[in-house]
Amino acid sequence: MYGGDEVSAVVIDLGTHSVKAGYAGQDTPQHVFPSAVGECAKGGDADMTAEGENASARHFEVDNMGIRRDGMEVTSPYGENGMLEDWEAVEAIWEHALKKRLALQTDEHPVLLSEPVHNSDAVRAKMVELMFEKHAPPALFLAKSPVLSSFAVGKASSLVIDMGGKHTTVSAIHDGFALQKSVVRSPLGGEALTDVVLKYLEKKKVDVRPRYAFTKKQKGDGDFDVKAVNHPKTTASYALFKRREIIEDLKATVCTLDDHTFNSDEHKNVAGVTYELPDGNTIEVGVERFQIPELFFQPEILRELNVDVPELGELKSLKSIQELVLECINNADVDVRKDLWGSLVLCGGSSMFANMRERLEAALFDHAPQNVKTKVVASMNSVERRFATWIGGSILASLGSFQQLWMSKQEYEEHGANLVQRKCP
């Protein structure tokens, strides 16, 4: 049986927005980079392999998308269902994290991988097979993301509200296990909010130009000469990826939540905030800076913004974060519900808006039964809240009591990848 005490385990959290990688026992991940990858077209004589066959394998650019390339498509390893689908992209990301970023000998370090709470058995088995066959670690463990986020704040039981890139997922955790029947998800995540802002600016005829689309030279005191640069072979997916980067910065800079229920009429005369786009143009952001994060609590505000984001589906089917929490708790067993109300864990990149914790507590106050105390736990440290899943993995993989739980390479070779269903429940 493998015991991982001799060498540091590696923890990899492949999220829908970013990849976090580092060694167990560390406070924060050593490396963070986008989980979207660039796929470059291959072909021609230059791609002949040593055997003389044309290399049909796809070529990926991982963590290297600042440089624009003709024909480069940006793709995600995740499918619409929030589960890993593009295994060649997954392989390229793991290769980059382990070999290039951490620069380690993979057959010497056990690896802990986070996984979505709703992961299917087939995807879990494929993750195990791919990691063992390609990197041959001495041991492996798959851990549910919300379980790790709960461990990150020192709790074995809690209700985890993970506001991630593609989804907001609410899961009940009891004694270190995710209660699968409790899990509820919403497509309202960070990327959806980014697309709402992008569509809103398009409607207002604001051109969000990526940095590769112009040149900027200083003329005099604070004055710049900006000229458009045409790159006709830039793909639509790359252009969107670079525009989203700008909007993500805008969101983080100007958007905020009120600590009480938002009302458009009350806020319509609020003072605007100026934001400068990379090309030097400025935009004035008024009531919209409250409306955007408020979508988590009042999805119907989409009507006021008057934008259509297909990924969100029909407006009437969108649930607020307080509705998701209530549904998750009601899906859990009656005897654990009171504990869940008193231990709500808020994490994920989209939970970083100012006043999010206070706003959530206020929104849940009306929904909670009278005899229970509602308590939302959210780290005041932005790094801890954003990287809660990775940090929980770092804590778990460094515990002495955990070392007997690894699935060893020998066990994989004897029993196959499906052993993961028993070893990593």
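Which domains does the domain assignment of the chain give? The assignment gives domain 1, made of 10-146 + 389-423, and domain 2, covering 190-308; such bounds come from an automatic or database domain assignment.

Before I go on, a word on the basis of this talk. This is a predicted model, in which local features need pLDDT of at least 70 and side-chain atom pairs count only at pLDDT 80 or more, while totals for chains, interfaces and linings use all residues. Residues are numbered from 1 along each chain as its sequence is written, and side-chain values use heavy atoms, with hydrogens and water left out.

Let me turn to how the two domains meet. Taken over C-alpha atoms, the centres of domain 1 and domain 2 are 32 Å apart. Contact, meaning heavy atoms within 4.5 Å, involves 13 residues of domain 1 and 11 residues of domain 2. The size of an interface is often given as the accessible area lost when the parts come together. Domain 1 and domain 2 bury about 1,000 Å² between them, 57% of it on carbon and sulfur atoms; this buried area is the accessible area (1.4 Å probe) that two parts lose on being put together, summed over both. On the side of domain 1 that touches domain 2, there are 6 nonpolar, 4 polar and 3 charged residues. In that classification, Ala, Val, Leu, Ile, Met, Phe, Trp, Tyr, Cys and Pro are nonpolar, Asp, Glu, Lys and Arg are charged, and the others, Gly among them, are polar.

Which polar interactions are counted between domain 1 and domain 2? There are 8 residue pairs in polar contact, both residues at pLDDT 80 or more. A polar contact is a pair of N or O atoms within 3.5 Å; within protein, one must be able to donate a hydrogen and the other to accept it, and residues adjacent in sequence count only if both atoms are side-chain atoms. The count of salt bridges between the two domains is 0, a salt bridge being a side-chain nitrogen of Lys or Arg within 4 Å of a carboxyl oxygen of Asp or Glu.

The structure as a whole has 24 salt bridges. One of them joins the side chains of R58 and E39, at 2.8 Å from N to O. R58 lies in the loop between β4 (37-40) and β5 (59-61) and E39 in strand β4, so this pair ties together parts 19 residues apart in sequence. Helices (H or I, at least four residues) and strands (E, at least two) are DSSP runs, numbered from the N terminus. E39 and R58 also belong to a network of salt bridges with D86 and E88.

A second pair is R244 and D195, with the closest N and O atoms 2.8 Å apart. This pair links helix α5 (residues 236-254), which holds R244, to helix α4 (residues 190-203), which holds D195, across 49 residues. D195 counts as buried at 8% relative accessibility; buried means under 20% relative accessible area, exposed over 50%, and partly exposed in between (1.4 Å probe, protein chains only).

S114, in strand β7 (residues 111-115), is buried at 8% relative accessibility. Its side chain makes a polar contact with that of D13 at 2.6 Å. L130, in helix α2 (residues 121-135), is buried at 9%.
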